[in-house]
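Biologist: I have the chain open here. Can you walk me through what you have on it?
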Amino acid sequence: MAEEKHRSRREIPTKYDLDAKWDACLDLTIRRSFHSTLAGAGAALLLFRSPTSRWATVAFGAGVGIGRAYSECSAIFAGSPSNGSSPISAVHSVASQEEGD
């Protein structure tokens, strides 16, 4: 019984495995938000003296981390490549091909 469940789990291609994608996104979100919050707290202690400025810097760091995790998770779920290529370069290459015709 357990072997059948394990065997059926292997048959799912990684492209369609939502459990693995959610696990990766949760891991990314926790790590990115923690590291960015920690970096924001360090910067706040070094740069600012008032508590309000320090909390704002920590919140900004947490927001940056959550935003980075969100963008990477949306790329994971969309299946787009995460090599940092922008759609602008794709548009530019299409336009240069049209000029050559």
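Modeller: Terms first: helices (H or I, at least four residues) and strands (E, at least two) are DSSP runs, numbered from the N terminus. This is a predicted model, where local features need pLDDT of at least 70, side-chain atom pairs count only at pLDDT 80 or more, and totals for chains, interfaces and linings use all residues. Residues are numbered from 1 along each chain as its sequence is written, and side-chain values use heavy atoms, with hydrogens and water left out.

Biologist: How many helices and strands are in the chain?
Modeller: The chain has four helices and zero strands. Along the sequence the pattern reads α-α-α-α.

Biologist: And what percentage of the residues counts as buried?
Modeller: Of the 101 residues, 16% are buried. Buried means under 20% relative accessible area, exposed over 50%, and partly exposed in between, with a 1.4 Å probe and protein chains only.

Biologist: What about the accessible surface of the chain?
Modeller: It comes to about 8,300 Å², and carbon and sulfur atoms hold 63% of that. The areas come from the Shrake-Rupley method with a 1.4 Å probe; for residues, only the protein chains shown count as cover.

Biologist: Now helix H2. What span should it have, and what does it have?
Modeller: H2 runs over residues 18-47, which is 30 residues, so at 1.5 Å a residue it should span 44 Å. Its end C-alpha atoms are 42 Å apart, which agrees. The expected span is 1.5 Å times one less than the number of residues.

Biologist: How does H3 do on that count?
Modeller: H3 has 28 residues and reaches 40 Å from first C-alpha to last, close to the 40 Å expected. Gly79 follows H3, and its phi is positive, near 80°.

Biologist: How do the axes of H2 and H3 cross?
Modeller: They come within 7 Å and cross at roughly 155°. That makes H2 roughly antiparallel to H3. Angles under 35 degrees count as roughly parallel, over 145 as roughly antiparallel, 65 to 115 as roughly perpendicular and the rest as oblique. Axes are lines fitted to C-alpha atoms, for helices over the stretch in contact, with angles from 0 to 180 degrees between N-to-C directions.

Biologist: Left-handed or right-handed?
Modeller: The H2 and H3 crossing is right-handed. A crossing is right-handed if the near helix is turned clockwise from the far one by less than a right angle, left-handed if anticlockwise.

Biologist: Which residues of H2 are buried?
Modeller: Lys21, Cys25, Leu28, Ser33, Ser36, Gly40 and Ala44. Their cover includes helix H3.

Biologist: And which in H3?
Modeller: Thr57, Val58, Gly61, Ala62, Gly65, Ala69, Cys73 and Ala75 are buried there, and H2 is among what covers them.

Biologist: Pick Thr57. What is Thr57 in contact with?
Modeller: Leaving aside neighbours within four places in sequence, Thr57 contacts Gly40, Ala43, Ala44 and Phe48. Contact means heavy atoms within 4.5 Å. Thr57 has a relative accessible area of 16%, so it counts as buried.

Biologist: Is Val64 buried or partly exposed?
Modeller: Val64, in helix H3, is partly exposed, with a relative accessible area of 35%.

Biologist: Last one, Leu18. Where is it found?
Modeller: Leu18 is in helix H2 and is partly exposed at 49% relative accessibility. Leu18 and Phe77 are 59 residues apart along the chain, and their C-alpha atoms are separated by 8.3 Å.

Biologist: How much of the contact total comes from residues 24 or more positions apart?
Modeller: Those pairs account for 63% of the contacts in the chain with a separation of 6 or more.
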